[in-house]
Amino acid sequence: MVSWIRRVVIINRSFRVKLILSLSAIILLAFCLTGYLTYRYNLTIFEEEISKQFSSTNEEALAKMDLKVQEVVRISQTVVFNPALENVITRINSNTNPDAFDRFFDKRQIEDQIFQIKSDAPYITGMYLYDLQGNPSYFSYTTSAINVPDENVFNLIRSKIRDTSGDLVWISLPLASPIEPSGYRNTIIVARWMKNSSLATYGVLVMAFDESFFSGSLKELTKGGQGEVYLFNKNNELLFSNFPESSPVKLEQLRNLNQTQLMDHHLFVQGKSDVTSFKLVSGTSLTDIQTRSRDLFKKIVYSGLISILLASILIVLSTGNLLRPLKDLLLGLRKVRSGDFDARIEIRTHDELAYIGESFNAMAEQVGRLIKEVYMTQLSEKEAELKALQAQLNPHFLHNMFNEIYWKLYLQDETETAALIAAISEMLKYSLMPVRTLTTVKEEFQQIRNYLKIQKELFETDLEIIIQLDEDVMNVQVMRSLLQPLVENVFMHAFRNMVTHKVLLIKASSQNGFLEIDVTDNGCGMDEKAISQIMGVLGSSLPQRSDGRESLGVRSVVRRIELIYGAPYRLEITSTLGSGTTMRLVLPLHTDIEKGDH
């Protein structure tokens, strides 16, 4: 036992032994590949005619199946694009307090439409019209063969169609059945989003078919009970098979099959529909052909082993001088590992090993220098971190200082000045919160009131401020500090050259399922070029502030909306020179998001 362990250790540590074994393995692989190709060529001679005939049958079966699939597509389009159904379902969705009779009448209209369509498709075992909450509240039809799909089944269906745009999705699911001994029946499920002419989703269509829907078209491929059939949908998921007990490994091989192939004593062919993107793989038994081919393959293997033995003897005799530079390199590496970065190796050849030796010498020289550079870099990073911590302390210090000033002025009855200080303190405290922390529309408007109070008291004497905040949007969650850059832009640009009669209107409301916040002024307005600069249209430069710096506030709002929300949420600007400007934020109308990092 000890001697065997020593031999294994020697093999593991000896590069020469590894080289010999590797080259032997390469030769073995080459001979195996040659034998395999010969085996495949011999097998192809026997397979060719059978493959042509079976492939033709496979294509015919696929064409028949395409006709049935197109018929299902036609039925689904008849349901989804039926204007009467769309109007009824839209009326049901928009009526929050439906009358019982109206609800019954609407559902009766849906049933009349669906049963009229279903009369042309008796092979449908179930049809359901779900609302967007997963309830079959519009229509539900089920035969005695299966039960109505439960919530788990619907959630699985919805996960499959989530990323589609109204296309049909075909999947195979075991549905609960009162007539099957196992309690379940394999069923073909076809589902799609129901979208109106405006591409708005108003429901989910789900249809159920028995597996006999496909087996009738594929019976030519399963004559005699020895043929195997596997139908995959366009997502490469198994939709139907007359051998459902096939192993996962075999299914994976069939799923990736792209040519004629032998597997499990069967010749498998595949075809893919250009219409439905379904893939049909079928197989027929070829046991006799494989037996004769296996005998030929054994002879090839025996001849290959003899050749490997002879080649290994020649390799052992020729590796001595070739491996001497590697020994020198190994000694050099051991010195470097022990910390001697002055180690160098002698270059003996002019081939690739010489390049490796030169690279080792250069590496050893550079490692010592890099160690010093990394050490200095770490010192610089620690110094930068200390400066960043110091910069964070300053805003907190100012907030505490303003708070002390406020109480001092308040106790001295300087209430107006104290109110200004309090507004500044609140704004500073609000700005100290991380920008990713969500806030509410109510809190955001409170900060705008603080800003406008300071602006009006200190700078704007003739200023009329109108703030309109609907009650139903006060608790809507929004990003922090979205509104202040827009209001600040009004004073920096719109009111810059105005002396009297300045009017600023800020309002927030819910419109068409969106949160809309308008900032409207009667200032100088701007042209399309100025709007393009503010919005950051490609190729436009940033607008300049009065002090010569680039104005980043409004553009940063646009960029933050793009990064966090994306389309269709946006900032809109409409303006007329000399008549004023309206900046409108269109944001999500969410009230159920917990506060915290977005």
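A residue counts as partly exposed when its relative accessible area lies between the 20% below which it is buried and the 50% above which it is exposed. In this predicted model, Y569 has a relative accessible area of 22% and is therefore partly exposed. The ring partner of Y569 is F514; the two form an edge-to-face aromatic pair, with 5.8 Å centre to centre and 70° between the planes. F514 is also partly exposed, at a relative accessible area of 23%. The pair links distant parts of the chain, as F514 belongs to strand 15 (residues 514-521) and Y569 to the loop between helix 15 (553-564) and strand 16 (570-576), 55 residues apart. The loop between helix 15 and strand 16 also holds P568. The peptide bond that leads from A567 into P568 is cis, with omega near 5°.

In the whole structure, 13 aromatic pairs were found. One of them joins W170 and F278 edge-to-face, with the ring centres 5.5 Å apart and an angle of 85° between the planes. W170 is in strand 3 (residues 169-176), whereas F278 is in the loop between strand 9 (266-272) and strand 10 (279-285), so this pair ties together parts that lie 108 residues apart in sequence. The relative accessible area is 5% for W170, which is buried, and 2% for F278, which is buried as well.

An open sheet of mixed pairing is formed by 5 strands in the order 12-14-15-17-16. Strand 12 (463-469) and strand 16 are the edge strands; each has a single partner strand, so one side of each is left without a neighbour in the sheet. From one strand to the next the twist averages 10°. The pairing of strand 16 with strand 17 (residues 580-588) is antiparallel and extends over 7 bridges. Within this region, S575 has T581 of strand 17 as its bridge partner. Two helices lie across strands of the sheet. Helix 13 (residues 484-494) lies across strand 12, strand 14 (502-511), strand 15, strand 16 and strand 17, and runs at about 20° to strand 15. Helix 15 lies across strand 16 and strand 17, at about 145° to strand 16.

The largest nonpolar core comprises 44 residues, and those with the most contacts inside it are L483, V487, L504, I506, V519 and L585. Helix 12 (residues 441-458) supplies the largest share of this core, 6 residues. Beyond its neighbours within four places in sequence, I506 is in contact with F445, I448, L452, I466, I467, Q468, L483, V487, D518 and V519. A second, separate core has 43 residues, among them A121, I124, Y141 and F278.

N236 is partly exposed, at 27% relative accessibility. For S481, phi is about 60°, and the residue lies in the loop between strand 13 (477-478) and helix 13. S481 is partly exposed, at 26% relative accessibility.

Note on methods: Residues are numbered from 1 along each chain as its sequence is written. This is a predicted model: local features need pLDDT of at least 70, side-chain atom pairs count only at pLDDT 80 or more; totals for chains, interfaces and linings use all residues. Side-chain values use heavy atoms; hydrogens and water are left out. Rings of Phe, Tyr and Trp (its six-membered ring) pair if their centres lie within 6.5 Å; planes under 30 degrees apart count as stacked, over 60 as edge-to-face and the rest as tilted. Helices (H or I, at least four residues) and strands (E, at least two) are DSSP runs, numbered from the N terminus. Buried means under 20% relative accessible area, exposed over 50%, partly exposed in between (1.4 Å probe, protein chains only). Two strands pair if DSSP finds at least two bridges between them. Axes are lines fitted to C-alpha atoms, for helices over the stretch in contact, and angles run from 0 to 180 degrees between N-to-C directions. Contact means heavy atoms within 4.5 Å. A nonpolar core is a set of buried Ala, Val, Leu, Ile, Met, Phe, Trp, Tyr and Cys residues joined through side-chain atoms within 4.5 Å.
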